[in-house]
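Colleague: I am new to this structure and would like to learn how to read it. Could we go through it feature by feature?

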Amino acid sequence: SSPMVAQAWRLYESDNLMALVDESLDPEEYKPEEVKRIMEIALLCTQSTVAARPMMSEVIVLLLMRNDPELQPTRPTFIDATSRVRGETSSSSSSSASKATISVSQFSAR
């Protein structure tokens, strides 16, 4: 798992996603609500179960929507897995990884 994704989740959970924005950006040139929304959509794409992640068509709709529905991504298990004993998570993570691989290959084959 990417340390950046783990950091984004921690900031999302503490309602501090704007800490990820590059400080060199001009605050006049972006809307904080829009930036937060894009980050939340990105976090939706990292959820543990493949079924919970939006399809690209859904991501586009979410990006284009003006009246924002409340997005509530759930924290992926891989972020917690690093702090657990490896033996506990090995069987579950290997099975979910293989499922993810299958769905990705089916998706790209279309």
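This is a predicted model: local features need pLDDT of at least 70, side-chain atom pairs count only at pLDDT 80 or more; totals for chains, interfaces and linings use all residues.

Colleague: How many helices and strands does the chain have?

Modeller: The chain has 5 helices and 0 strands. Read from the N terminus, the order of elements is α-α-α-α-α.

Colleague: What share of the residues counts as buried?

Modeller: The chain has 110 residues, and 23% of them count as buried. As for contacts, take those with a separation of 6 or more: 57% of them join residues 24 or more positions apart.

Colleague: Which residues make up the largest nonpolar core?

Modeller: The general idea is that nonpolar side chains tend to be buried together in soluble globular proteins. In this chain the largest nonpolar core has 9 residues: Ala8, Trp9, Leu11, Tyr12, Leu17, Val21, Val35, Met39 and Leu43. Two elements, helix H1 (3-13) and helix H2 (32-44), each give two or more residues to this core. The most comes from H1, with 4 residues.

Colleague: Next, helix packing. At what angle do H2 and H3 pack?

Modeller: The angle is about 165°, and the axes of H2 and H3 are 10 Å apart. An angle over 145 degrees counts as roughly antiparallel, so H2 is roughly antiparallel to H3. Their crossing is right-handed.

Colleague: Which residues make the contact between H2 and H3?

Modeller: H2 contributes Arg37, Ile38, Ile41 and Leu44, while H3 contributes Val59, Leu62 and Leu63. Sorted by class, this contact has 6 nonpolar, no polar and 1 charged residues.

Colleague: Now the loops. Where is glutamine 47 found, and is glutamine 47 buried or exposed?

Modeller: Glutamine 47 is in the loop between H2 and H3. The cut-off for buried is under 20% relative accessible area; glutamine 47 has 4%, so it counts as buried. Beyond its neighbours within four places in sequence, glutamine 47 is in contact with Ala52, Arg53, Gln72, Pro73, Thr74 and Pro76.

Colleague: Thr74 is in that list. Where is threonine 74 found?

Modeller: Threonine 74 is in the loop between helix H3 (56-64) and helix H4 (77-81). Its relative accessible area is 46%, so threonine 74 is partly exposed. Leaving aside neighbours within four places in sequence, threonine 74 is in contact with Trp9 and Gln47. Threonine 74 and threonine 49 are 25 residues apart along the chain, and their C-alpha atoms are separated by 9.7 Å.

Colleague: And arginine 66: where does it lie, and is arginine 66 buried or exposed?

Modeller: Arginine 66 lies in the loop between H3 and H4. The relative accessible area of arginine 66 is 68%, so this residue is exposed. Between the C-alpha atoms of arginine 66 and glutamate 34 there are 9.7 Å, with the two residues 32 apart along the chain.

Methods. Residues are numbered from 1 along each chain as its sequence is written. Side-chain values use heavy atoms; hydrogens and water are left out. A nonpolar core is a set of buried Ala, Val, Leu, Ile, Met, Phe, Trp, Tyr and Cys residues joined through side-chain atoms within 4.5 Å. Buried means under 20% relative accessible area, exposed over 50%, partly exposed in between (1.4 Å probe, protein chains only). Contact means heavy atoms within 4.5 Å. Axes are lines fitted to C-alpha atoms, for helices over the stretch in contact, and angles run from 0 to 180 degrees between N-to-C directions. Angles under 35 degrees count as roughly parallel, over 145 as roughly antiparallel, 65 to 115 as roughly perpendicular and the rest as oblique. A crossing is left-handed if the near helix is turned anticlockwise from the far one by less than a right angle, and right-handed if clockwise. Ala, Val, Leu, Ile, Met, Phe, Trp, Tyr, Cys and Pro count as nonpolar, Asp, Glu, Lys and Arg as charged, and the others, Gly among them, as polar.
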